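Hello,

Please find the structure below. My notes come after it.

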Amino acid sequence: MKKSPVAHKIAKDIFTIPNLISVTGAALAMHGSEKIDTAEGLAECAVGRLADVLDGKVARMTGQTSNFGAALDATTDKIVMAKILYEMNKKGLAPKYVLGTVALLNSINAGATGIANLRNKEKAETRPTKSGKVGLAIETAALVAYAAAELADKRTDNPKPAKFLRKLGAGAFAASLPFAIHATHTYIKRAINGNTGKEDPEEPRQIADVNRSLGSMAMLRHLSGRS
């Protein structure tokens, strides 16, 4: 029996290499987050989150971009980050203000995206913003650094490695804020306008704004100078 064009398109959008990477990476990070205070769990989380960075690039390289893939990417991002934050909070692996800020911004983004989808007539796209992807990657690096600091505390009597990793985590968190805040601003605009599409052409230039970058570096130097 011949497949209908609709069924063929759905199958083509779902069963792709980028979607496989997204799901595999999410599963690996979710599993690793439950033992993120161990070397094995931390490695699983790091590799799983790295896969999230690669899925979009692979989709563009292979021409397998789709609305379903974009929605899957955005959804798995939020679920995995929520799981990692929960486990790190439960184990006391990072400062509460870091975990709380990341959780708050991700919650706003998820809620705004849901509203944008409801208001959008086509209900076709739930595309992560470029600034959001960058911010999420740096946030993940910050969380990995904090978790690694706890691991260093357990494995050595020398306090310097853990101290350095916590400063690295604080610096990465500070560096992620301009991107994360910009992404949240974009998601809120989408919710107001009922638009779930791509970023405006001006947005990448806003991300690279010199004053914002200088502010981030100043905050990084300030945090790195703390004892």
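Here is what I found, with the cut-offs.

This is a predicted model: local features need pLDDT of at least 70, side-chain atom pairs count only at pLDDT 80 or more, and totals for chains, interfaces and linings use all residues. Numbering starts from 1 along each chain as its sequence is written, and side-chain values use heavy atoms, without hydrogens or water.

Helix packing. Helices are DSSP runs (H or I, at least four residues), numbered from the N terminus. Helix α3 (residues 39–62) packs against helix α6 (residues 130–155) at about 170 degrees, with axes 10 Å apart. That makes α3 roughly antiparallel to α6 (angles over 145 degrees). Axes are lines fitted to C-alpha atoms over the stretch in contact, and angles run from 0 to 180 degrees between N-to-C directions. Residues in contact (heavy atoms within 4.5 Å) include Leu42 and Val53 in α3, and Leu136 and Val144 in α6.

Salt bridges. The count is 12, taking a side-chain nitrogen of Lys or Arg within 4 Å of a carboxyl oxygen of Asp or Glu. One of them joins Asp73 and Lys133 at 3.0 Å, N to O. Asp73 lies in helix α4 (residues 67–91) and Lys133 in helix α6, so the pair ties together parts 60 residues apart in sequence.

Also, Ile108 is found in helix α5.

Best wishes

Key:
Helices (H or I, at least four residues) and strands (E, at least two) are DSSP runs, numbered from the N terminus. Angles under 35 degrees count as roughly parallel, over 145 as roughly antiparallel, 65 to 115 as roughly perpendicular and the rest as oblique.
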